[in-house]
Amino acid sequence: MLAKFAVTNFRGFETRIEWDLTKSRNYDFNNFAVKNGIIKNGIIYGPNGCGKSNFGLAIFDIVYHLTQKFVKPHFFHNYTFATGQSKLVMFEYLFIFDNQVIEYTYSKDFRGVLQEEKLIVDKKMIFNRRLGSFEIDLSFPMDENVKYNLTKNANNVSIINFLISTYPLEQDHYLIKLQNFVNSMLWFRSLEEKEFIGLETNIYLLDEYIIRNNLVKDFENFLTNVSGQGFTFLEHSPGEKILQVYIKGVPQIFNLIASTGTHALTLLYFWLKHINKASFVFIDEFDAFYHFDLSFNVCAELFKQNCQLFMSSHNTYLMTNDLLRPDCNFILKDNTIKALCDSTDKELREGHNIEKLYRGGTFQI
């Protein structure tokens, strides 16, 4: 699981911002949201322009860095803070896999090109590559010429990727665990255009995916259960590519009559069919087109998943102990991210209306 993350000089974050997911509290409700002492589910709130979207993108830089997944267009535009092009962007990750603590840090220049990289496992330095120097633990025996080439590293290859592709490793090796986790990370959103990072390598047409996999009835039931919309879809043969529904007995193309919110639900349905393979999910502005009741229902459905799953939102209706808990609701503001329970001296209990407290200015960053 991801336990901590920090980034410096990335887009709107001029100085270091850290997100600590190990600071769970001893609340005795909604315990599904915490696993082994690490926060598993949460929602990030904050004013417009505070950096919620950029913070999510920063977490997923590691996917571009260590995998060959689809690259989101323009990801490396405005990569550094406005006045920080001469400085490196620093990424810091702390993962915990089966009580093994992995600290992985790296830095990139304004083009997104790798410059420095360090890995520490259970407080033991495995390797450290800085500009002009390279050290590595004896557990990876290496010829001096190879060390020299990795010190120069003109093609900026990741040391982790080099070790995984060069050395035979056991299935439970910490590098394999890290690789599997990063390969299974997923970021997505549905605004003017649908975008995603990680998990999948293919681009799908949603209608065709639903028809081809015989999921039309399942999708119909999903819309009814989550949003209360009673669509009746036409029977489709596997070769068809466009969903159709009956409107007062007349066939209509689903995409033409569906609302913006229903289109967003279609994308959510697709990812729910794949999310069992995910390790860490971040949904940016997940409820931009949802009614507040629908947002609640969607959250309740998403938080049933086994993976770590977080989302950003402006909808404070979701800031309730009926859904999560005070250590799982976060405020991002002024280059700082804190849980509600860490943003006030007030003792927060299950019976508190935390949305009302938030609107009343109880939580300060």
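**View 1. Arg111 pairs up with Asp109.** Arg111 and Asp109 make a salt bridge whose closest N and O atoms are 2.4 Å apart; the term means a side-chain nitrogen of Lys or Arg within 4 Å of a carboxyl oxygen of Asp or Glu. Asp109 counts as buried, at 9% relative accessibility (buried is under 20% relative accessible area, exposed over 50%, partly exposed in between, with a 1.4 Å probe and protein chains only). This is a predicted model, where local features need pLDDT of at least 70 and side-chain atom pairs count only at pLDDT 80 or more, while totals for chains, interfaces and linings use all residues. Residues are numbered from 1 along each chain as its sequence is written, and side-chain values use heavy atoms, leaving out hydrogens and water.

**View 2. Asp342 meets Arg25.** Here the closest N and O atoms of the salt bridge are 2.7 Å apart. Asp342 sits in the loop between β18 (336-339) and α11 (354-359), and Arg25 in the loop between β2 (17-20) and β3 (34-35), so the pair ties together parts 317 residues apart in sequence. (Helices, H or I of at least four residues, and strands, E of at least two, are DSSP runs numbered from the N terminus.) Asp342 is partly exposed at 24%, and so is Arg25 at 36%.

**View 3. Glu135 and Arg130 form another salt bridge.** Their closest N and O atoms are 2.8 Å apart. Glu135 is partly exposed, at 35% relative accessibility, and Arg130 is partly exposed too, at 39%.

**View 4. Arg16, Glu18 and Glu92 join in a network of salt bridges.** The structure holds 18 salt bridges.
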